[in-house]
Amino acid sequence: MKEMSRIVKTVTNFVYGFIIIFGFYIIAHGHLTPGGGFQGGAVVGSAFALLLVSYGSLNSQKFLKKDILSLFEGFGLILFIVLGFSGLGITFFYNFLANSGGWFGNAAVIGVNPGNMNTGGVIPLMNIAVGLEVLSAFGVIVLTMASAAEFTKKKEKS
Amino acid sequence: MKKIIFGIAFLIFFSFLIVSAINMRTFGEPAYSEMDDYFIENAQSETGANNVVTSVVFDYRGFDTLGEATVLFTAVVGVIALFRGVKK
Amino acid sequence: MSSFVEIIHISTLIMIIIASFLAVVFKKLLPSVIALTVASLLLSLEFYILHAPDVAIAEAGIGAGLTMAIFIFAIRGTR
């Protein structure tokens with residue numbers, strides 16, 4: 001797929017970083033504001049799709065490496081499963097970090113409050129794991145389909 | 001003949017849908033709300049997270065999220081296996 | 001129930017039905033995909049009006065962003 005015009009590329013250069021930062025904000029604040037790992041990963045994946053559409057698949061392979069993304073995907077899924085098995089002393093997926101005082105262990109204020117970042121127990125870590133998995137999964141899907149479209153078009157032309 | 005039978009079956013199915021849409025409960029008033037009340041009352045003190053939806057998704061129903069992540073992983077494996085002959 | 005919210009509900013649903021009908025009716029592939037994307041974006045607006053911002057973010061990211069990109073890649077690859 002060829003790269004698009006100069007206007008699209010300039011707008012992409014402006015917007016790309018903001019979309020990715022917004023996606024990571026949704027992932028990191030998943031236990032305080034609406035959203036979570038899946039939603040933030042979808043936002044970052046749509047930023048990857050924007051980069052691929054505007055710059056073409058050959059140019060964007062310099063920024064997005066498929067192998068690194070699939071490595072991140074397996075790492076996210078394994079981290080999620082390990083966090084699920086860590087509470088196995090009581091039940092599967094037990095929140096063993098909540099209200100313990102350590103990492104993310106402060107007790108939340110009951111009622112309507114602006115929120116504390118250091119609460120939630122395993123929920124922020126699970127958000128990060130699922131967000132890593134989802135963003136790299138969407139990145140790998142979009143990247144593979146873009147290079148496959150390029151490949152089939154070149155094959156039909158020759 | 002076949003078209004008439006299919007049309008009658010479609011009309012019966014559609015009328016069932018219309019009847020169930022008319023008899024639908026009003027939005028935001030479920031029949032049984034004990035589980036919802038338990039989550040709204042205790043989610044903040046038990047999990048320590050302000051967002052009750054996230055605490056349901058990742059803590060009370062964590063097994064469901066594990067299945068969803070596995071489905072996504074399987075989708076990625078399927079896409080890579082489908083286009084495995086493609087060289088960039 | 002305030003009538004303003006109901007007016008927004010009804011107009012959003014009517015626009016979703018119109019966009020889905022256009023996605024079926026269009027003969028060319030690219031306008032059909034864009035009509036499908038518009039329907040998905042309006043569906044995300046409807047989720048937001050129904051007080052479900054989580055589902056609205058997921059729908060706007062996947063339905064309106066990634067699905068259109070994948071469809072456009074498929075169309076560019078096949079023609």
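Visitor: Which residues is Ser32(C) in contact with, leaving aside its neighbours within four places in sequence?
Guide: Contact means heavy atoms within 4.5 Å. This is a predicted model. Ser32(C) is found in helix H2 of chain C, residues 29-49. Beyond its neighbours within four places in sequence, Ser32(C) is in contact with Ala23(C) and Phe26(C).

Visitor: Why does Ser32(C) count as buried?
Guide: Buried means under 20% relative accessible area. Ser32(C) falls under that cut-off, so it counts as buried, with a relative accessibility of 16%.

Visitor: How many Å apart in space are Ser32(C) and Pro53(C)?
Guide: In sequence, the two are 21 residues apart. In space, taken C-alpha to C-alpha, Ser32(C) and Pro53(C) are apart by 27 Å.

Visitor: Is Thr47(B) buried or exposed?
Guide: Thr47(B) lies in helix H2 of chain B, residues 34-47. The cut-off for buried is under 20% relative accessible area. Thr47(B) has 1% relative accessibility, so it counts as buried.

Visitor: Which residues of chain A is Thr47(B) in contact with?
Guide: Leave aside neighbours within four places in sequence. Within chain B, Thr47(B) is then in contact with Ser55(B), Asp59(B) and Tyr60(B). In chain A, the contacts of Thr47(B) are Asn95(A), Ala98(A), Gly120(A), Gly121(A) and Ile123(A).

Visitor: What area is buried between chain A and chain B?
Guide: The contact takes 45 residues from chain A and 28 residues from chain B. Carbon and sulfur atoms give 68% of the buried area. The total between chain A and chain B is about 2900 Å².

Visitor: Which element gives the most to the side of chain A that touches chain B?
Guide: Across this interface the rule finds 0 salt bridges, and there are 6 residue pairs in polar contact. Helices H2 (37-60), H3 (66-86) and H4 (123-157) of chain A each give two or more residues to the side that touches chain B. With 15 residues, the one that gives the most is H4(A).

Visitor: How many charged residues are on the side of chain A that touches chain B?
Guide: By class, that side has 25 nonpolar and 18 polar residues. The charged residues number 2.

Visitor: What area is buried between chain A and chain C?
Guide: Here 22 residues of chain A are in contact with 16 residues of chain C. Carbon and sulfur atoms give 78% of the buried area. The total between chain A and chain C is about 1600 Å².

Visitor: Which residues touch the most other members of the largest nonpolar core?
Guide: The largest nonpolar core has 41 residues. H4(A) gives the most to this core, with 14 residues. Those that touch the most other members are Phe48(A), Phe80(A) and Phe73(C).

Visitor: Which residues of chain B is Phe80(A) in contact with?
Guide: Again, leave aside neighbours within four places in sequence. In chain A, Phe80(A) is in contact with Phe93(A), Met126(A), Ala129(A) and Val130(A). In chain B, the contacts of Phe80(A) are Phe58(B), Gly62(B), Thr65(B) and Leu66(B).

Note on methods. Residues are numbered from 1 along each chain as its sequence is written. Chains are lettered from A and ligands numbered from 1 in the order in which they are written. This is a predicted model: local features need pLDDT of at least 70, side-chain atom pairs count only at pLDDT 80 or more; totals for chains, interfaces and linings use all residues. Side-chain values use heavy atoms; hydrogens and water are left out. Buried area is the accessible area (1.4 Å probe) that two parts lose on being put together, summed over both. A salt bridge is a side-chain nitrogen of Lys or Arg within 4 Å of a carboxyl oxygen of Asp or Glu. A polar contact is a pair of N or O atoms within 3.5 Å; within protein, one must be able to donate a hydrogen and the other to accept it, and residues adjacent in sequence count only if both atoms are side-chain atoms. Helices (H or I, at least four residues) and strands (E, at least two) are DSSP runs, numbered from the N terminus. Ala, Val, Leu, Ile, Met, Phe, Trp, Tyr, Cys and Pro count as nonpolar, Asp, Glu, Lys and Arg as charged, and the others, Gly among them, as polar. A nonpolar core is a set of buried Ala, Val, Leu, Ile, Met, Phe, Trp, Tyr and Cys residues joined through side-chain atoms within 4.5 Å. Buried means under 20% relative accessible area, exposed over 50%, partly exposed in between (1.4 Å probe, protein chains only).
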